[in-house]
Amino acid sequence: MTTTAELYFSFRSPYSYLAMPRWRDAIRDYDLSMKLRPVYPLAVRQPDFFERNHPNWLRYTFMDVRRLAQSLGIDMIPPRPDPIVQDITTRRIADDQPHVFRLVRMGQAAARRGAGFAYADAVSQLIWGGTENWHQGDHLARAAQAAGLDHAELEREAAETRRHWMPGLPAIRRHWKPPGIGACRPWSLPGNRSSARTASIWLLRGCTRQGWPCEPDRDTAQQTGRRHLANSPIKPHFFDSFDGTKLAYREVGEGRPVILIHGYFSNTLTNWVRYGHAAAVADKGFRVIMPDLRGHGDSAKPHDTASYPPDVLMRDGFALIEHLSLTDYDLGGYSLGARTTMRMLANGALPKRVVLSGMGLRGLTDTAGRGSYFRSILTHLGSFERGTPQWLTEAFLKTTNGDPEALVRVLDTFVDTPEATIASVHQPVLVVSGEEDDDNGSAPALADLLPNGEYRAVPGGHMSAVVKPELGREIAEFLGRE
């Protein structure tokens, strides 16, 4: 049974930053779902705190933080700039706080998309990991991309929500009262250092609204249904594959069966559920079946070579079809899921319609090239320069709690598909890809090679297209045709 916890997180707190690796481990090792609650830092909640506290408090805190970072083996560099605008000489906290207000609003937007923890993890590494001017250029955009989010969308939503729930620092000071007396207040971290050090999770409490919301959750009527599905736990089912390996799959909706397979490093929830694609397809009258590939998600992640023979993912796909006794169905996937779909077609699968998303021609005919890129990352983790494509890929791996040892074995299962075999696929095939996505070669070229292929472009690149609603809409529209 999945346990959902709420993590109250401050982008300015070094203790929040230092706790993130331990929370990643907890998510990986236990059936834990983390719901992020970004909060205002102490300097905003109690601006006079530094003036009325012991003069040595700040020095001792810095000393404690440095020792904690050393004991945990985590690199930590004071942020440049500080997320809080403060006069160091007078210790006065400025009324205008552009950095932290922006971070909290964008963190809330990420949380509403089910990726708050991944976003906070990536952004905190920027702020506390030594990135100078982390607030400028494309640093935050790259952090959003690493969390599988679209930075521009977060910025737009943050700007829109500002007038709904961010009254400015004077109003925060005016409304804030000590916890426990029923007053409306911004969600706050535990006030004592020992609680912050252990990054305790505080369960959600109610609060009284006093003219402005303390916890913005602005789902519109049009979005409520899909966001409810995207943020609700969908319990996995399990089956034994052809070799006894226990694999997981999830289902939503009722109607005609369609199997959708996720991409490499990813999982069902990230690829299909979180951003509403499964809901969009289910709304068209489909039973959406979404397996976690071997070595991914909730499926088994064996480390032995024997568990990863060539084309094992294809054989797992057929085992799922047999387990569910499917005879009339549709089939599709994203990236590695699309490659697995093609391998199933090449070995006799007979779906009515096919979806190949996040895939181009070269990604099917020459799998070694893309495979070598991932193998290099998995065998050199922690060595990449911040902001590079390799660093972003590794950051995405952390957000999905991937198992590097299992994932590198998955690369051994890749099998090329000749162009002649691709050209023999007679089913209607939708080839849909981000307009900036060339990671797996040309998607239009793939559509041209297929006798009944059609190409559709959606906004974004290989990673960012997944977060776009257009991807789910294109798939749903294609599958729902008469």
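Trainee: In which helix is Ala-152 found?

Mentor: The model is predicted: local features need pLDDT of at least 70 and side-chain atom pairs count only at pLDDT 80 or more, while totals for chains, interfaces and linings use all residues. Residues are numbered from 1 along each chain as its sequence is written, and side-chain values use heavy atoms, with hydrogens and water left out. Helices (H or I, at least four residues) and strands (E, at least two) are DSSP runs numbered from the N terminus, and the run that holds Ala-152, residues 151-165, is helix H8.

Trainee: What does Ala-152 count as by its relative accessibility?

Mentor: Buried means under 20% relative accessible area, exposed means over 50%, and partly exposed lies in between (1.4 Å probe, protein chains only). Because its relative accessibility is 38%, Ala-152 counts as partly exposed.

Trainee: Which side chain is joined to that of Arg-12 by a polar contact?

Mentor: Arg-12 is found in the loop between strand E1 (3-9) and helix H1 (14-29), and its 17% relative accessibility is why it counts as buried. A polar contact is a pair of N or O atoms within 3.5 Å; within protein, one must be able to donate a hydrogen and the other to accept it, and residues adjacent in sequence count only if both atoms are side-chain atoms. At 2.7 Å, the partner side chain of Arg-12 is that of Asp-82.

Trainee: At what angle do H17 and H18 pack?

Mentor: Axes are lines fitted to C-alpha atoms, for helices over the stretch in contact, and angles run from 0 to 180 degrees between N-to-C directions; under 35 degrees counts as roughly parallel, over 145 as roughly antiparallel, 65 to 115 as roughly perpendicular and the rest as oblique. H17 (residues 367-378) and H18 (residues 389-399) are therefore roughly perpendicular to each other. Their axes are 10 Å apart, and the angle is about 75 degrees.

Trainee: How far apart are the axes of H7 and H18?

Mentor: Helix H7 (residues 139-146) and H18 pack at about 45 degrees, and they are therefore oblique to each other. With contact meaning heavy atoms within 4.5 Å, Arg-142, Gln-145 and Ala-146 in H7 meet Leu-392, Ala-395, Phe-396 and Thr-399 in H18. The separation of the axes is 8 Å.

Trainee: What is the phi of Asp-311?

Mentor: Most residues other than glycine have a negative phi. Asp-311 lies in the loop between strand E6 (286-291) and helix H14 (312-324), and its 11% relative accessibility is why it counts as buried. Its phi is positive, near 65 degrees.

Trainee: What percentage of the residues in the chain is buried?

Mentor: The chain has 22 helices and 10 strands. Of its 482 residues, the buried ones make up 55%.
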